[in-house]
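I opened this notebook to record what I looked up in one protein chain. My entries go from the whole chain to single residues.

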Amino acid sequence: PWLVLHGFLDNAAAFDLLCPHLPKTWRLVCLDFAGHGHSNHRANASYSTTDHVTDVWLAAVALGWQNGFSLMGHSMGGNVAVVLA
């Protein structure tokens, strides 16, 4: 499985043109970071890399992927992926 992470000032739809070209056997979940796309803004207005890393990990756990998954990220999403890895 893959968690796909967008860049700053972007949203999960940034990958809409890419995903159809990836192997059909890949399970892809494109996330919106807090305050981006269709996600809610944070009540405490904290949008640090650490907050995003925590959110990505919690999404992986919610999906049942805590024992292993791959990350794909662009710009800010790439930074979050590196920190999480």
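**Entry 1. A term to settle.** Before reading any residue, I noted that buried means under 20% relative accessible area, exposed means over 50%, and partly exposed is in between. I also noted that I am working with a predicted model.

I applied the term to His6 at once. His6 has 0% relative accessibility, which is under 20%, so His6 counts as buried. I then asked where His6 is found. I located His6 in the loop between β1 and β2.

**Entry 2. The whole chain.** I looked up the secondary structure and found two helices and three strands in the protein chain. Read from the N terminus, the order of the elements is β-β-α-β-α. I next looked up the radius of gyration, which is 12 Å; this is close to the 12 Å that the globule rule gives for 85 residues, so the chain is as compact as a globular protein of that length. Along the principal axes, the C-alpha atoms fill a box of roughly 40 × 30 × 20 Å.

I recorded three further values for the chain. Of its 85 residues, 31% count as buried. The chain exposes about 5200 Å², and carbon and sulfur atoms supply 57% of that area. I also considered contacts between residues at least 6 apart in sequence: 69% of them join residues at least 24 apart.

**Entry 3. The strands.** I began with strand β1, residues 2-5. Trp2 and Val4 point one way from this strand, Leu3 and Leu5 point the other way, and all are buried.

Which strands pair with β1? I found that β1 runs parallel to strand β2, residues 28-31, and that four bridges join them. Within this pair, Leu3 stands opposite Val29. I found that β1 also pairs with strand β3, residues 70-73, in the parallel sense and over four bridges. Here the bridge partner of Leu5 is Gly73.

**Entry 4. The nonpolar cores.** I noted a general point first: in soluble globular proteins, nonpolar side chains tend to be buried together.

I then looked up the largest nonpolar core, which has 13 residues. The members that touch the most others are Leu3, Leu5, Leu31, Phe33, Val56 and Val80. Two or more residues come from each of β1, β2, α1 (49-62) and α2 (76-84). Which element gives the largest share of this core? I found that α1 does, with four residues.

Another core, of six residues, lies apart from it; among its members are Val4, Phe15, Leu22 and Met72.

Leaving aside neighbours within four places in sequence, I listed its contacts as Leu5, His6, Ser39, His52, Val56, Met76, Gly77 and Val80.

**Entry 5. Back to His6.** Which residues does His6 touch, not counting those up to four places away in sequence? I listed Asn11, Ala12, Phe15, Leu31, Asp32, Phe33, His36, His74, Met76 and Gly77. I also found a polar atom of the His6 side chain 3.4 Å from the backbone oxygen of Asp10.

**Entry 6. Ala14.** I found Ala14 in the loop between β1 and β2. Is Ala14 buried or partly exposed? Its relative accessibility is 40%, so Ala14 counts as partly exposed. I noted that Ala14 and His74 are 60 residues apart along the chain, while their C-alpha atoms are separated by 9.3 Å.

**Entry 7. Two residues of helix α1.** I placed His52 in helix α1. The relative accessible area of His52 is 2%, so this residue is buried. Its side chain reaches the backbone oxygen of Tyr47 at 3.5 Å. Not counting residues up to four places away in sequence, His52 touches Phe33, Ala34, Arg42, Tyr47, Met76 and Val80.

I placed Thr49 in helix α1 as well. At 32% relative accessibility, Thr49 counts as partly exposed. Beyond its neighbours within four places in sequence, I listed the contacts of Thr49 as Asn79, Val80 and Val83.

Technical notes. Residues are numbered from 1 along each chain as its sequence is written. This is a predicted model: local features need pLDDT of at least 70, side-chain atom pairs count only at pLDDT 80 or more; totals for chains, interfaces and linings use all residues. Side-chain values use heavy atoms; hydrogens and water are left out. The radius of gyration is taken over C-alpha atoms; the globule rule is 2.2 Å times the number of residues to the power 0.38. Buried means under 20% relative accessible area, exposed over 50%, partly exposed in between (1.4 Å probe, protein chains only). Contact means heavy atoms within 4.5 Å. Accessible areas come from the Shrake-Rupley method with a 1.4 Å probe; for residues, only the protein chains shown count as cover. Two strands pair if DSSP finds at least two bridges between them. A polar contact is a pair of N or O atoms within 3.5 Å; within protein, one must be able to donate a hydrogen and the other to accept it, and residues adjacent in sequence count only if both atoms are side-chain atoms. A nonpolar core is a set of buried Ala, Val, Leu, Ile, Met, Phe, Trp, Tyr and Cys residues joined through side-chain atoms within 4.5 Å.
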